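Please keep the sequence and the model in view while we go through them together.

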Amino acid sequence: MDNLTKNAMNPSQIALSTLAPGFTDPVHDTQAVFRTLLDTLSRPGTVGVVEHVLPASQATGTHRWHADLAALAALLTLCDYSTPVWLAQPDAALASALRFHTGAPLVDDVHDAAFAYIHDAALLPEFEHFSLGAAETPEHSVTLLIRVDALSGGPQIVLSGPGIERTTTISPVGLPEHFWRERASLAPLFPCGIDCYLVCGSTLIGLPRTTQAKVN
Amino acid sequence: MSASPATPSSAMRRAWMAVLAHTPRADLEAALSHALEGVSPPEFDWLRPPETGLAMVRGRIGGSGDAFNLGEATVTRATLRLRSAAEHAPVGVACHLGRDRRRAELAALADALLQLPEQHAHLHGQLIEPLAAQLAAQRTARRDEAASTRVEFFTMVRGD
């Protein structure tokens with residue numbers, strides 16, 4: 001009880017007693033997840049699956065985060081002390097896990113973030129608030145992980161660009177309408193821009209800045 | 001872990017963790033099995049399995065001046081959590097110089113057990129106090145050995 005009140009009062013403290021374990025085999029699991037992330041980003045529109053990497057059954061006393069498995073695996077794989085993370089919706093369990101397992105700092109300012117996790121796509125901030133990189137350093141832009149309700153069954157989006165032979169169609173559910181409009185408005189800024197992952201459960205789709213999307 | 005205000009319990013924990021971090025593996029293994037009196041240690045989950053890495057050791061000359069990088073040291077750390085039905089299961093943390101994973105596991109387990117109120121007094125008496133005495137004796141012996149070789153230089157005043 002003593003610890004509980006202390007943790008509630010001090011959000012900078014990592015809640016160790018309710019922390020969930022990370023990868024069981026950090027070296028190989030992160031390599032496998034990284035491969036999936038790379039493949040989905042180089043072949044936009046294909047669905048990547050993140051499997052068997054995080055413990056399926058949670059230990060007793062663990063607070064389950066709300067984040068989807070693929071998003072969590074991606075964050076645990078990509079983040080380290082040099083990549084500030086911004087969480088659109090506060091999630092104490094996820095924040096503790098990220099800070100403990102990766103050492104990544106959590107930031108309040110959207111613009112400082114190298115990675116952003118948006119649990120509720122309806123509350124996605126406007127893209128101009130994020131870091132887009134500079135002409136000399138386009139790699140300093142943000143990578144968004146956006147949770148969607150489903151990766152198929154929604155309005156049809158036709159993708160084209162590098163990594164797609166002609167066109168490919170995706171139909172994610174739950175993305176706000178302004179997402180595609182704002183994304184298209186960033187296209188002239190290339191090489192600056194924002195890379196996105198649409199995440200649902202253990203599956204994800206990569207949307208690099210080079211991909212052109214047409215809403216049907 | 002981070003800069004928390006030093007409450008009496010956290011100062012005590014720091015002290016016993018220091019003892020555990022300085023104790024060699026063989027001593028730790030023997031002392032822990034002796035303190036547990038044949039009872040098998042409780043089950044736990046790894047939050048961070050023992051891992052070896054490098055830490056940059058920094059220093060200041062004379063305790064003041066600018067910090068500089070002295071060199072890298074190999075450290076092994078581990079974090080585990082006891083499996084218990086309670087809302088707040090104790091979490092044991094260990095970190096020591098070297099690459100002995102088993103030693104980190106034992107130290108983390110001992111740290112977690114010491115946080116259990118019902119076991120604290122017994123374990124502190126059986127485990128930490130003997131080890132602390134042993135460490136203190138080793139330090140004193142080394143200091144005495146060094147002190148015995150001390151040479152005092154002085155210049156005789158030459159009379160004229």
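Let us begin with the make-up of chain A, whose secondary structure amounts to 5 helices and 9 strands. Read from the N terminus, the elements follow the order α-α-β-α-β-α-β-β-β-β-α-β-β-β. Chain A has 216 residues, and 37% of them count as buried. If we take the contacts in chain A between residues at least 6 apart in sequence, 67% of these join residues at least 24 apart.

The average pLDDT of chain A is 86, and 89% of the residues score at least 70. Over residues 1-10 of chain A, however, pLDDT stays under 50. For that stretch the model has 6 contacts beyond four places in sequence. Where pLDDT is low, the predicted coordinates should not be read in detail.

We now turn to helix packing. Two packed helices are described by the angle between their axes and the distance between the axes. In chain A, helix H2, residues 26-42, packs with helix H3, residues 69-78, at an angle of about 110 degrees. Their axes are 9 Å apart. On the side of H2(A), the contact is made by Thr30(A), Val33(A), Phe34(A) and Leu37(A). H3(A) contributes Ala73(A), Ala74(A) and Thr77(A). By type, the residues of this contact between H2(A) and H3(A) are 5 nonpolar, 2 polar and no charged.

Let us move to chain B and its sheet. Strands of a sheet pair through backbone hydrogen bonds, either parallel or antiparallel. Here 3 strands of chain B form an open sheet in the order S1-S2-S3, with antiparallel pairing. Which strands of chain B lie at the edge? They are S1 and S3, each of which pairs on one side only. On average, neighbouring strands of this sheet are turned by 20 degrees against each other, direction ignored.

Strand S1(B), residues 44-59, is joined to strand S2(B), residues 68-82, by 13 bridges. Within this pair, Met56(B) has Glu72(B) as its bridge partner in S2(B), and Trp46(B) stands opposite Leu80(B). Between S2(B) and strand S3(B), residues 91-97, there are 7 bridges. One example is Arg77(B), whose bridge partner in S3(B) is Cys95(B).

The loop between S2 and S3 of chain B holds Ser84(B). Is Ser84(B) buried or partly exposed? Ser84(B) has 17 C-beta neighbours inside 10 Å and therefore counts as partly exposed, since a buried residue needs 20 or more. Between Ser84(B) and Glu51(B) there are 33 residues in sequence and 24 Å in space, taken from C-alpha to C-alpha.

Finally, consider a second pair of helices. In chain B, helix H3, residues 101-114, packs with helix H4, residues 117-148, at an angle of about 135 degrees, and their axes are 8 Å apart. H3(B) and H4(B) are therefore oblique to each other. H3(B) brings Ala110(B), Leu113(B) and Leu114(B) to the contact, while the residues from H4(B) include His120(B) and Leu123(B). The contact of H3(B) with H4(B) consists of 5 nonpolar, 3 polar and no charged residues. That concludes my presentation.

How values were computed:
Residues are numbered from 1 along each chain as its sequence is written. Chains are lettered from A and ligands numbered from 1 in the order in which they are written. This is a predicted model: local features need pLDDT of at least 70, side-chain atom pairs count only at pLDDT 80 or more; totals for chains, interfaces and linings use all residues. Axes are lines fitted to C-alpha atoms, for helices over the stretch in contact, and angles run from 0 to 180 degrees between N-to-C directions. Helices (H or I, at least four residues) and strands (E, at least two) are DSSP runs, numbered from the N terminus. Angles under 35 degrees count as roughly parallel, over 145 as roughly antiparallel, 65 to 115 as roughly perpendicular and the rest as oblique. Two residues are in contact if their C-beta atoms, placed from the backbone, lie within 7 Å. Ala, Val, Leu, Ile, Met, Phe, Trp, Tyr, Cys and Pro count as nonpolar, Asp, Glu, Lys and Arg as charged, and the others, Gly among them, as polar. A residue is buried if 20 or more other C-beta atoms lie within 10 Å of its own, exposed if 12 or fewer, and partly exposed in between; C-beta atoms are placed from the backbone. Two strands pair if DSSP finds at least two bridges between them. pLDDT is the predictor's confidence in each residue, from 0 to 100.
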